[in-house]
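Subject: A structure to look through

Dear colleague,

Please find below the sequence and the structure that I promised to hand over.

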Amino acid sequence: MGKRRAGRELLRSLSKKQKKHLREFGEEHPFYDKLLLLLLVHLCFPFQSEDSDKSSAESDSETEVEQVSGYHKLLATLKTSPESESEEGEDESESEEAEETEAEMDSEGSQETGEAEGGEEDKNDVPEEEEDTAEQILSQQQADGTDTSCDPRHGVIEEFTDVKHESEFSLETNFMEEESGDCNADKRDSNPFKQHMDKELEDKEIEKMSTLPKTSSQSQWPRLGQLIFSSTLEKHKTLKADKEVDVKQLHLHKPLESTWPKVNKQFLSSADKPSDSPFTPLQRELFCVMNSYRDLFYPERNALTNGEEIRHVYCLHALNHVLKANAQVLSNNAKRRDRKPGTDTDDYRDQGLTRPKVLMIVPFRECALRIVHTFISLLEVNDKKKIDVSNKKRFKGEFGSDPEEKPPNLKRPEDYEAIFAGNIDDHFRIGVAILQKSMRLYAPFYSSDIIIASPLGIRTVIGAEGEKKRDFDFLSSIEILIIDQADIYLMQNWEHVLHLMKHINLLPLDSHGVDFSRVRMLNLNNWSKYYRQTLLFSALQDPQINSVFNKHCFNYVGQVAVRNVPLTGSISHVVVQLPHVFRRLEAESVTSVIDSRFQFFIDKVLPEYRDAIMSHTLIFVPSYFDYVRLRNYFKKEDLNFTHICEYTKKAAVCRARRFFLKGEKQFLLFTERFHFYKRYTIKGIRNLVFYELPTYSHFYSEICNMLKATDSGVDATWTCTVLYSKYDAQKLAAVVGIDRTAQMLQSKKNVHLFVTGEN
């Protein structure tokens, strides 16, 4: 009671200015901090009474669980409060200004008001809590000892892992149940899992894969289209798409044969199953490649159309791999238990140096939630035989979403709604252990079979060189790497993906209690990366994504990449009459194109728009680094401009949109990442400049169609200028189509296109 009363009195004694500082910085200003003053007095006069010695000794002997005072717990509840727009009283005035601006700027009422004012609160914004709320939370936590270690509202103090079920899910101490698994799976010679993992490579083959270039061949499949097969080793048999699939011939683990048709039923239509196939045409061809254990790059994933189809089929493949691997270990446990003394132990090499076998990289918590639900559905044979899932309630609470959080008046494109559905927190990681009829969520990484994480979540564990607390040994024996929605990581931080690829399949620094007599020779030889299967799914083809697939995938079986060229570009979806001028810039190399584009822009493009007649010019900049460079140049030249990027505060966004609409600012610098996360309609555009072609091709038509939101009726003065180089071939083809791209790359002249409605 004393601590609660002290926290309550402390909060009530603070002035408005002190509370504001407390919310912003998580602590009182040093000038007002009474505890700090007491500490300074104690340091200056280091003497204590006997009573103080006794009290300190008693406090040290208290339970180790609660080492933080009520004062610090109170601060923890306020640490996630939103930052203010500026210092002192400007925050409130600017918020009011933002509301007035939005109401004045938008004539459409609640629809547009919801976009930039209070209609859409940022997901990271947390409303300010009142005094009574903070007091209630503090008193409740102190009263019942609530565990807030993983509650995002209180900051991540300590990551929760399930240590209670360690023995139940241990592979070393359990044995195969005859009725629950595929006991004889390891005896099937045609089992793709056995064929892939049991093949013993020779030193000369490893050297060949490390030095020689890959040979490639093409093939045309009915649904996937044009495939490029590449491999360094001798040419393998051409993989052909199966027209009809019998589940029993896929070598699925026993429970999956019966559960997969039921789980996948939602994606099947009468047209897709003339022969009662449990796969859609897309799933059938994808699983054909996956089950051959080749690397796969599929750049046509669409969150609206085939996203869930793809998620289900790679979940089936990952779960099938884990169940087979664990069944082999459990079966060998029984054999080792019953073996005669002196028997050779090399027959039981069935594990890696660490237990995690599958790593799934997804962008948001909602994706992890759907994956786990798919796993549970695939493991439950029927309604009567439910599997035991530990920590399921906690998982739903942390990875689920509250439907009331989303404002009701928002209108966004369908692809935006599909991508940002549910919980879109991008910092998470969770270990999943699967053993026969049970699933364990929040398993420690070294006791997990599957790790589901975001790039940021896995990066914070791996750490950086020089950091004391870092760990990447759990990545040493990953056998399947799944990177889903890779295009979104371009909008987050692609460096996290590259950092992961540099630390996967390295020899661990510690043994972590492994039985080396059970470790496969491929892991002991540090050849894990040559056996790892990588499945890469993206909504687009991008040089950075292609680079990961080409430079970080070493599968000895080979790689398969889908390479379909777009016949029509997104320019066909522009609905306004608009002349498009594509201006080609020359660059000597890929590394010099950044400087060449900047010089070309300030020398030849910007002078044409300096005239006051060319007002209301929006400059679309995909790269944040280019945006900063242009912003600094505009400030240096004292140009009349405003700017919006992904880091711009909400009130500043409202002011920039108002200034641009009324013509008070001639230029508006606008980043692609801001458009990706917000999709605001910018009004008042008369002139468009694409500093570089957008990463997402449909953004081109979306930005161009913003001109129809202008009510001034000056269609004849609308212009659109696009800068491109020969290194932008993929982006250019996605915008104008493959035929026009070939002509534009051959010709060094500027290309003029005029779009009249939907072409």
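**A charge over a ring**

Lys-665 lies over the face of Phe-659, at 6.0 Å from the ring centre, where a charge sits over a ring if NZ of Lys or CZ of Arg is within 6 Å of the ring centre and within 35 degrees of the ring normal. Arg-412 is placed likewise over the face of Tyr-416, at 5.9 Å from the centre of that ring.

Before going further, please keep in mind that this is a predicted model, in which local features need pLDDT of at least 70 and side-chain atom pairs count only at pLDDT 80 or more, while totals for chains, interfaces and linings use all residues. Residues are numbered from 1 along each chain as its sequence is written, and side-chain values use heavy atoms, with hydrogens and water left out.

**The sheet**

Eleven strands form an open sheet with mixed pairing, in the order β1-β2-β11-β3-β10-β9-β4-β8-β6-β7-β5. Here helices (H or I, at least four residues) and strands (E, at least two) are DSSP runs, numbered from the N terminus, and two strands pair if DSSP finds at least two bridges between them. The edge strands, each pairing on one side only, are β1 (215-221) and β5 (388-390). From one strand to the next the twist averages 15 degrees, with axes taken as lines fitted to C-alpha atoms, for helices over the stretch in contact, and angles running from 0 to 180 degrees between N-to-C directions.

In general, strands of a sheet pair through backbone hydrogen bonds, either parallel or antiparallel. β1 and strand β2 (residues 225-231) pair in the antiparallel sense over seven bridges, and the bridge partner of Gln-220 in β2 is Gln-226. Helix α12 (residues 281-290) packs on the sheet and touches β1, β3 (295-298), β10 (533-537) and β11 (559-562), its direction making about 150 degrees with that of β3; contact means heavy atoms within 4.5 Å.

**Aromatic pairs**

A search of the whole structure finds 33 aromatic pairs, where rings of Phe, Tyr and Trp (its six-membered ring) pair if their centres lie within 6.5 Å, and planes under 30 degrees apart count as stacked, over 60 as edge-to-face and the rest as tilted. Phe-297 and Phe-549 form a tilted pair, because their ring centres are 5.6 Å apart and their planes stand at 40 degrees. This pair links distant parts of the chain, with Phe-297 in strand β3 and Phe-549 in helix α21 (residues 543-551), 252 residues apart.

Phe-634 and Phe-641 form an edge-to-face pair, 5.3 Å centre to centre and with 80 degrees between the planes.

**Salt bridges**

The search of the whole structure also finds 23 salt bridges, a salt bridge being a side-chain nitrogen of Lys or Arg within 4 Å of a carboxyl oxygen of Asp or Glu. Arg-355 forms one with Asp-449, the closest N and O atoms being 2.9 Å apart. Because Arg-355 lies in the loop between α13 and β4 and Asp-449 in the loop between β7 and β8, the pair ties together parts that are 94 residues apart in sequence. Asp-449 also meets Lys-357 in a salt bridge (2.8 Å, N to O), and both Asp-449 and Lys-357 are buried.

Elsewhere, Glu-692 forms a salt bridge with Lys-731, with 3.3 Å between the closest N and O atoms, and both residues of this pair are buried. Salt bridges that share partners join Glu-308, Arg-311, Glu-366 and Arg-370 into one network.

**Two residues with positive phi**

Most residues other than glycine have a negative phi. Tyr-442, although not a glycine, has a positive phi of about 65 degrees, and lies in the loop between β7 (438-441) and β8 (450-453). His-512 has a positive phi near 55 degrees, and lies in the loop between α19 (494-503) and α20 (521-524). Tyr-442 is buried, with a relative accessible area of 5%, whereas His-512 counts as partly exposed at 32% relative accessibility.

Conventions
Buried < 20%, exposed > 50% of the residue type's maximum accessible area, 1.4 Å probe, protein only.
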